[in-house]
Amino acid sequence: MEKPSHFIKGFNEIRALAAFGVLWCHVELYKHREGRLSMYDGFLERFIDGLGKNMVDVFFVLSGFLITVLLLLEQKKHERISIKKFYIRRVLRIWPLYFLVLGISFFVLPFIVLNTDWFLTETHYYNLINTVDYTSAFPYFMLFLSNVALVLRLIIPGASQSWSISVEEQFYVFWPWVIRIFRNYLLPFFLIFVVIKIAINHTNEFVSLSHNEKIVLKVIKTIRVEMMALGGLGAYLLFMNNKIYTRICRLRVLPYVILPILLGMLLLDKKGIIFGIIITLIFSYIYANQSKIREFKFISNLGNISYGIYMYHPLVMFLCFSVLNKLKIDTITYNLLAYSTIILGTILLSSLSYKFLESGFLKLKNRVYSLL
């Protein structure tokens with residue numbers, strides 16, 4: 001596969017690891033809910049409980065970093081940022097797969113579940129499908145407000161993982177305007193923006209809130225723009241060749257310092273702004289040392305389909321667990337079959353989706369540009 005001119009070695013590998021981290025968390029969470037032996041029941045409970053959210057934060061930081069780099073490169077090359085082209089790129093990359101998964105989750109999956117007895121052995125998703133208010137949830141998901149739906153407990157089997165996609169789309173609405181309007185004041189803007197968001201996140205610790213205000217605060221907390229802004233800040237400092245930050249990011253010893261800290265934070269499930277700073281430093285180090293970064297082709301290829309892995313794996317889980325729950329097998333065999341079928345099934349489905357759906361829409365980009 002031909003790499004784009006802005007291809008950054010190392011980023012795809014992190015995408016793949018983050019996507020499979022979310023999958024791992026969801027598999028263990030499912031087993032815990034079904035009363036099966038799970039890592040939630042052992043000494044790794046904190047780690048596995050926070051793994052999904054932590055890996056999503058990795059995606060958020062990466063989005064902020066990469067989008068900021070691309071916008072700054074465009075501004076430098078063309079002396080302007082085309083907001084129209086930016087939105088077209090995002091629509092062609094995000095929308096086709098997003099709406100396909102919504103279609104399956106809102107229409108195909110409920111129809112099959114309610115009209116067959118195939119999924120009776122899968123109690124968690126089955127019960128949700130029979131009780132959730134699809135009519136109330138539909139507008140939220142269609143308008144990229146699935147993070148709001150999640151706060152309102154409108155959980156849609158197969159689609160609720162899209163809350164993070166909605167958050168990214170909300171971020172994309174205003175971020176190119178920020179880069180375009182505040183290009184001469186980006187550093188103070190980033191810093192003030194992050195500080196304000198952190199303060200809002202902790203409002204309930206200092207102020208008594210009503211029920212509705214608490215709901216609004218929960219929604220705001222799901223909008224992890226501080227993580228994306230941190231990624232953007234790291235990209236900006238490197239792009240502007242900030243001497244201190246660039247020198248730090250080129251230190252050979254940096255990975256040996258931050259990786260143990262990162263591992264400790266993951267094991268203790270210590271999320272927050274420090275975690276975002278550590279992830280930003282990792283992306284900054286990779287970007288600043290491209291000549292030294294080794295590409296792992298197989299993992300990098302998985303990174304290409306990481307969007308599909310993230311979006312499809314709950315649907316694959318539903319199918320695989322429904323089959324496995326019909327079998328009378330021991331715990332070890334159950335776990336081996338669960339992980340192998342879910343991982344392989346998700347990779348296969350994501351690969352087919354990328355080849356026959358997502359790539360086709362990405363190729364439309366230049367045609368659409370020519371019409372502007």
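# Briefing on a predicted structure

Cysteine 249 is buried, its relative accessible area being 0%. The structure described here is a predicted model.

**Cysteines**

- A search of the whole structure for disulfides finds zero. A disulfide is a covalent bond between the sulfur atoms of two cysteines.
- For cysteine 320, the closest cysteine sulfur belongs to cysteine 25 and lies 18 Å away, which is too far for a bond.
- Cysteine 320 has a relative accessibility of 14% and therefore counts as buried, because the cut-off for buried is under 20%.

**The nonpolar core**

- The largest nonpolar core contains 113 residues. Helix α2 supplies the largest share of this core, with 16 residues.
- The residues with the most contacts inside the core are Phe141, Trp175 and Phe283.

**Helix α13**

- Helix α13 covers residues 273–288, 16 residues in total. From its first C-alpha to its last it reaches 22 Å, close to the 22 Å expected at 1.5 Å a residue.
- Twelve of the 16 residues of α13 are buried, so the helix is largely enclosed by the rest of the structure.
- Isoleucine 282 is located in α13 and is buried, with a relative accessible area of 15%.
- Leaving aside neighbours within four places in sequence, isoleucine 282 is in contact with Ile14, Ile258, Leu259 and Leu262.
- Isoleucine 282 and proline 255 are 27 residues apart in sequence, and their C-alpha atoms are 7.4 Å apart in space.

**Aromatic pairs**

- The whole structure holds 31 aromatic pairs. A pair of aromatic rings is described by the distance of the centres and the angle of the planes.
- Tyrosine 30 and phenylalanine 321 form a stacked pair, because their ring centres are 3.8 Å apart and their planes lie at 20°.
- Tyrosine 30 belongs to helix α1 and phenylalanine 321 to helix α15, so this pair ties together parts that are 291 residues apart in sequence. Both tyrosine 30 and phenylalanine 321 are buried.
- Phenylalanine 171 and phenylalanine 174 form an edge-to-face pair, with 5.8 Å from centre to centre and 80° between the planes.
- Phenylalanine 171 and phenylalanine 174 both lie in helix α7 (residues 163–181), three residues apart, about one turn of the helix. An α-helix has 3.6 residues a turn, so residues three or four places apart point the same way.
- Phenylalanine 171 counts as buried at 0% relative accessibility, whereas phenylalanine 174 is partly exposed at 27%.
- Ring pairs join Phe171 and Phe174 into a cluster with Phe86, Tyr87, Tyr172, Trp175, Phe182, Phe189, Phe190, Phe193 and Tyr236.

**Two residues of helix α15**

- Serine 306 is found in helix α15, which covers residues 306–324. Serine 306 counts as buried, at 6% relative accessibility.
- The side chain of serine 306 reaches the backbone oxygen of glycine 303 at 2.8 Å.
- With neighbours within four places in sequence left aside, serine 306 is in contact with Arg15, Ala16 and Ala19.
- Histidine 313 is also found in α15 and counts as buried, at 0% relative accessibility.
- The backbone oxygen of tyrosine 310 is reached by the side chain of histidine 313 at 2.9 Å.

Notes: Residues numbered from 1 in each chain as written. Predicted model: local features only at pLDDT ≥ 70, side-chain atom pairs only at ≥ 80, totals over all residues. Heavy atoms only, no water. Helix = DSSP H or I, 4+ residues; strand = E, 2+ residues; numbered from the N terminus. Expected span 1.5 Å × (residues − 1). Buried < 20%, exposed > 50% of the residue type's maximum accessible area, 1.4 Å probe, protein only. Core = buried A, V, L, I, M, F, W, Y, C linked by side-chain atoms within 4.5 Å. Polar contact = N/O pair within 3.5 Å; in protein donor to acceptor, adjacent residues only side chain to side chain. Contact = heavy atoms within 4.5 Å. Disulfide = S-S within 2.5 Å. Phe/Tyr/Trp six-rings, centres within 6.5 Å; stacked < 30°, edge-to-face > 60°.
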